[in-house]
Amino acid sequence: MSESTQTSRRALIAAGFQELDRAASFLDDDQLRDLDASRLLTTMREAANPDQALLLLIRLLERADAVRSVFTDDGEDHYADAVPLIRLLGASQALGEFLIRRPDHVDLVTEADPGRHVSEVEDGHSISVPETVASEELRRRLLSAVRADAAGGDGDGDGGRDGDEDDDAVPPTAALDDDFTVKDATVALRIAYRREITALALRDLCAEDPLAYQPLVSHQLSDLAAAALDAALAVARAERRDRERRGEESESGRTLAERIEFAVIGMGKCGARELNFISDVDVIYVHRGPDDVDAGLLSETAIALAGGLTRIIGSAAPEPGLWEVDANLRPEGKDGPLSRTLDSHREYYRRWAHGWEFQALLKARPVAGSRRLGDDYIEAIWPQVWTSSQQEGFVENVQRMRRRVFEHIPDAEVDREIKLGSGGLRDIEFTVQLLQLVHGRVDETLQVRDTLTAVDRLARGEYMASKDQEAMSACYRRLRLWEHRVQMSQMRRTHLFPRRDEDLRALALAAAPPGMRKRPAAEDLQKEWRRVRREVASFHEQIFYRPLLSTTAVLSDDEVRLSSEAAQDRLAALGYADTRSAMRHIESLTSGVTRRATVRRRILPMMLGWFADGVDPDGGLLAFRRLSESLGQSPWYLTMLRDSSVAAERLSHILSSSRFIADLLEHSPESARWLGDDSSLTPRRFEQLWQEVSSQLDRHEKDDGQNAIRLTRLVRQREILRIAVADASGLLDQEQVGGALAEVDRAATLGALRVAENEIFAEDGRHIDFLVVAMGRQGGAEISYGSDMDALFVHRAVEGADSSVADEQAQKLAARLTALLQRPTKPAVKGEYPLQVDADLRPEGRKGPLSRSVESYREYYRRWMEVWERQALLRARPVAGSDDLAAEFMGIVDEVRYGPAPSSGQIREIRRIKARVESERLPRGADPSRHVKLGRGGLSDVEWLVQLIQLEDAEEYPELRTPSTLPALEAMVQMELVAAEDAETLADAWRLCTRVRSAVKIWTGKTSDVLPSSRRDLEAVARWCGFGAGGAATFEEHYLRTTRRCRQVYERLFYGEVD
Amino acid sequence: MDRQQEFVLRTIEERDVRFVRLWFTDVVGSLKSVALAPAEVEGVFSEGLGFDGSSIEGFSRVFESDMLLRPDPSTFQILPWRSEEEPTSRMFCDILTPDQEIAAADPRAVLRRQLDRAADMGFTCYTHPEIEFYLLDSETIDSDGVPVPVDRAGYFDHVTGSVSQDFRRHVVSMLEAVGISVEFSHHEAGPGQNEIDLRYADALTTADNIMTFRTVIKEVAVMQGKYATFMPKPFTEHPGSGMHTHFGLFEGDANAFYAPNAEFNLSKIARQFIAGVLTHAAEFTSVTNQFVNSYKRLWGGGEAPSHISWGHNNRSALMRVPLYKPTKGGSARVEFRGIDSAANPYLAYAVVIGAGLKGIQEEYELPDAITEDVWSLTTAERKAMGIKPLPGTLHDAIRQTEDSELVAEVLGEQVFENLLRNKQAEWDDYRVNVSPYEIQRYLGQI
């Protein structure tokens, strides 16, 4: 062919070769000398990978001259008879190598006609596909390869159960002897298996419609695997029989290996007859024996058979192993015995099995060994699959399955995963199985094993629309076909979509029917891959959730109409407790022909799933209904939910896990707008807040104070909601939440102060400067939702003002300020948690005047102050009023609080008060270990300890001077006043307790300082504290442990020197 | 309805059982019992039986007092000491919260959790208790304020026609009737003191058996007009009643404590297990020796171990590696001699096993075995040899438990706290009591 080098270069490219020089030199090879170059090149276009095909062809010709017979000139522009061979060599290196290694089997291409099509019936339609080989025929061929008789007694057609077992024929057993050893049988079995695989691959690659043929390919692959198991069992049995005979030194009578009934149950893909070209074969073994035989001996025999079978299929031998036989799905997994009796299986599944084990059983089918026993097994066990939806934990299992649909294994190659990636096969399989489990209990037609049949039945039973069924079935076949082709190439267990262009082209060609004259482009395949994945990823929502709407909503005709029972079954499986009400809410949300209803119909299916992820799906759905009703026509609302799945998911999450936010949202529904926009979820800085509040006040200065303060309080409520939503969306940590809430309260206080001043100074003229000082947790800016404000009021007479007049005005101002913040407004601010101001920490407590002059404070602190008042001042922080006055007052305060260490008597006093607070303030009957504020290791333990150290050491170490707990604690570690380890224990507990307080408020909408004890409340709080679903018990233990450790540190450090 | 449950219902029917007692245990190990009519049993299997947990020591918080009992059908037994006319049976129960979750406060669940932990590490845990108790003439004391034993015999003494012997025979046959195998029974060192050894069984079964055992002993004694007590130390001058327990771990069917060529044939796992138990022994003494009176046994001489050490066949050690025939590798085990007969067996076994497992997990080093008689060493000698004492009083023990992360983890935070609260209350009660000893010693003198 050398004379045609110039022309053939173009022909080489047209044939799809990548390495032209190499290809050209191969074409010069002696082996190809007799062939017509142009005809050969045209034939080569059929090869997915022509470079590979050509080399394999040369090597094959060297070994098997008979192959030349397919290259006969029949007048066409290509060698028509060689097409199957070239397609095989182009698509599968491994199978090409097999033919080279075992050239006896080239009759598969020289004698047979893999391209012959026959007519099969699928779904009542006649389709034209390549031939199929029946499972019995495959079994016969593989058994005869190991010299066993397929008509042996234990297999099929052998009477009912009542036949006397002594009449049973011997089960198929390999005829081993010195010339045909176990090793020989092993090799023979594997060669026979590979021959069938090669034949099947040839037929598959020649299929005119490979998608139509795909399920039949999977059937044949499964049957072939089953036949291999049967043949391997025949060898294992022979081996065991011979060993038994040697042991007994007699050859008379039937050995246990022949008498025992032993069945292999196929699980997973093999069980469902949807196996791919190469995969682990999941099995479970079951045995049953004559009553006169010891159970231990039986079990030993069964395990020997199982072990032998695995070895004969998979272990090293002159012909490589086939695949792994994986028995790990058996009861108790790896720890369980390899084979069990039927009774033992039955007992296990009745008593011990977990939900997922039933799920695995869904695909179980007897595949090899005793058919009678296998059938008995299925009869005994399979029904339990379908009752598992009534079992405990079914909902949790479903939840876990649902999560697995969405949570894919993080992997750099996740985009290329045909099986596990988003939009991969697993998505389809899970969705289908889930529906089967939910509805299969009442509808027996759904009790089928394989995905395609199940999809079909789901559509027939009206659980799925027929257009969805068609789409799902098509996508499934497409993915499986790609998977088959990818695996076939090297016969490796891979599910990775190729990346390189040439591999993509090869895959596209291998997946296409023969006779494509134009080589497909890589991008087209990429595009198709993306399209299929996108479509598959939408199935779950489309098929599981969407029909929930259809019982009531007006849908288009091609959508499925679920019965109300079926819809309620699905809702219950999702965890909705009151399915009837849920149906009502869904109906109200989706009925009608308005645009609103249309949009809701589009978004609700997904949201139903998200609600189900929360602790209270029913509450979430109800809250969504209310919110939707109060938002009425607002166009942005539905647009946002429709266009932003982040917003819709956040909203669902919030509504189903927070009463607090749901209530607030109901009153200011327009705030839902933030959900779609992270930037609007950033808490406003104080300056921004104050600017807004003050400009509102400016505008309304002329009105009475009512209107102005109402606007201020609306701002406060809005900002609290903003912080809560940001918190719920995971954008803030607890310390940021505390700080942000404190800023909001500060702005509100400042607004109220200005309104009060305007009113009062307008009436009687200005006599004072005034200051509000926050105390307690407000002072430390570490509050939670719904905290009140501890405050001190300070005033100073302005120049020339009479001090008694000033005093009087200050009292009036303080009272007015308080009232403005907490009295109901007109019209009311709906859903508000008003800021309660508590001035009880003032000198002389409730007996003293609300506000004191700065001189009076100075005097009081010099003369009368008790040590606890000094301690309280540690957290003083001016929040509103005259800056100048603040400076003067804080000067006095700093002198007091950061003064010399308290005397030992005073320290004793502090310790005593703390002990008294613990025993007296704790509500009656409260469990101290669960009280976050006053309880064991709770907030007050940490805070009192920090404050005690501040009192003792802040004079010496200015670093300790801060009103906030954690910064003070950090400074103490820096100054080596507290060991880092102790500080961490304290800080952990403090943070956890603070978080729990917030979480309780946010979940229930009520303020409580007690760790909830009902499981549901605890679960909700646990999730707000970052624990995963089902973490309630772990969280409770974590809380108790954290606070106990904190208490130990507290006791050591707080009372330390007393002991 | 599973087969076990069916079996129970069928037996109730066939044997015409009139009462089914549901048994469970509070934190201190007192047996609690609720009687059911046979008709109610089926419902209780599926729904559980609600009860008010707040009235049971250490069970639940006042505000969440509803709890459920779920009988374990595998523990169903006809009780032989009830009359033939009205056969009575019992089942042990797991305790659940109203949400059907295992209650954290259930002692049985505490032990089960440790056994699960052992299983996760690949071990099955077997125990074999030797339970001592005194048989007395009656519950009342004599004019000197001392209980009256039924006889005056000693260790292994055979007393012809004695009450004790008759009693033991009766007990053993009754125990066999409730399915508890007895390995050994003999007269102990004290007058009226007896020991009965239960056969090796998995730890949960053993703990259940101990609860049954105590009931059987008390019942048989009453039937014979006597009184049996498991009080740790009823007599000042006679030995206390211990519950030495042999512990063994198996990996599959192999004894994990056995190593053919090692010192005392002790495997590395066994050494680590012992090290774990010894390291934490002082921390969990308030569990294994839970009463004020327990410390009178520990420190009252006799054979009670008061110091933390181990030895090969050394009866003065807290942990003893018994002699066994070299051919019997499968029976390798270690004996913990600290527990007394009044312990809550679930919690006591949980802490010992928990400590041992911790030793294995963290690969503790075991100090050298003690060959000397620990009792005869001087304090200084013990100090020199690094032998530490067990807590001297319940108060000491509570203080050490309080700081124990191990005990908190093994018991779970809730049982841990309930236990400490309960024990502290007991100690406070005891401390204010003026004892006959004080009257006798000081009244005349001062």
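The model is predicted, and local features need pLDDT of at least 70, side-chain atom pairs count only at pLDDT 80 or more, while totals for chains, interfaces and linings use all residues. Residues are numbered from 1 along each chain as its sequence is written, and chains are lettered from A and ligands numbered from 1 in the order in which they are written.

B:Pro367 is classed as partly exposed because 16 other C-beta atoms lie within 10 Å. In this classification a residue is buried if 20 or more other C-beta atoms lie within 10 Å of its own, exposed if 12 or fewer, and partly exposed in between, with C-beta atoms placed from the backbone. Between the C-alpha atoms of B:Pro367 and B:Asp208 the separation is 34 Å, the two residues being 159 residues apart along the chain.

The contact between the chains involves 14 residues from chain A and 15 residues from chain B, two residues being in contact if their C-beta atoms, placed from the backbone, lie within 7 Å. On the side of chain A that touches chain B, helix H14 (342-351) and helix H44 (1032-1054) of chain A each contribute at least two residues. H44(A) gives the most to this side, with 6 residues. By class, the side of chain A that touches chain B holds 8 charged, 4 polar and 2 nonpolar residues. Here Ala, Val, Leu, Ile, Met, Phe, Trp, Tyr, Cys and Pro count as nonpolar, Asp, Glu, Lys and Arg as charged, and the others, Gly among them, as polar.

Chain B comprises domain 1 (3-101) and domain 2 (113-439); domain bounds come from an automatic or database domain assignment. The centres of domain 1 of chain B and domain 2 of chain B, taken over C-alpha atoms, are 28 Å apart. Their contact draws 14 residues from domain 1 of chain B and 19 residues from domain 2 of chain B. Strand E1 (19-25) and strand E5 (77-79) of chain B are the elements that give two or more residues to the side of domain 1 of chain B that touches domain 2 of chain B. The residues of that side of domain 1 of chain B are 8 nonpolar, 5 polar and 1 charged.

Strand E7 (residues 124-141) of chain B pairs with several other strands of chain B, including strand E13 (residues 243-251), to which E7(B) is joined in antiparallel fashion by 8 bridges. Two strands are taken to pair if DSSP finds at least two bridges between them. In this pairing, B:Pro129 is opposite B:Thr245 of E13(B). Strand E10 (residues 193-198) of chain B is antiparallel to E7(B) over 5 bridges, and B:Glu132 faces B:Glu195 in E10(B). Antiparallel pairing of E7(B) with strand E12 (residues 227-229) of chain B extends over 3 bridges, with B:Tyr227 in E12(B) as the bridge partner of B:Leu136. Strand E11 (residues 201-202) of chain B pairs with E7(B) in the antiparallel sense over 2 bridges, and B:Tyr126 stands opposite B:Asp202 in E11(B). E7(B) and strand E8 (residues 147-149) of chain B are likewise antiparallel, over 2 bridges, and B:Ile141 stands opposite B:Pro147 in E8(B). The hairpin of E7(B) and E8(B) has 5 residues between the strands, and B:Gly145 there adopts a positive phi near 80 degrees.

Chain A is divided into domain 1 (2-110), domain 2 (392-520), domain 3 (546-656), domain 4 (686-897) and domain 5 (904-1058). The centres of domain 4 of chain A and domain 5 of chain A, taken over C-alpha atoms, are separated by 27 Å. Contact between these domains involves 20 residues from domain 4 of chain A and 19 residues from domain 5 of chain A.

Strand E8 (residues 768-775) of chain A is mostly covered, with 8 of its 8 residues buried. A:Ile768, A:Phe770, A:Val772 and A:Ala774 point one way from E8(A), whereas A:Asp769, A:Leu771, A:Val773 and A:Met775 point the other way. In a regular strand the side chains alternate between the two faces of the sheet. E8(A) pairs with strand E9 (residues 789-797) of chain A in the antiparallel sense over 8 bridges, and A:Leu771 is opposite A:Val794 in E9(A). Strand E12 (residues 877-881) of chain A is joined to E8(A) by 4 bridges, also antiparallel, and A:Ala880 in E12(A) is the bridge partner of A:Val772.
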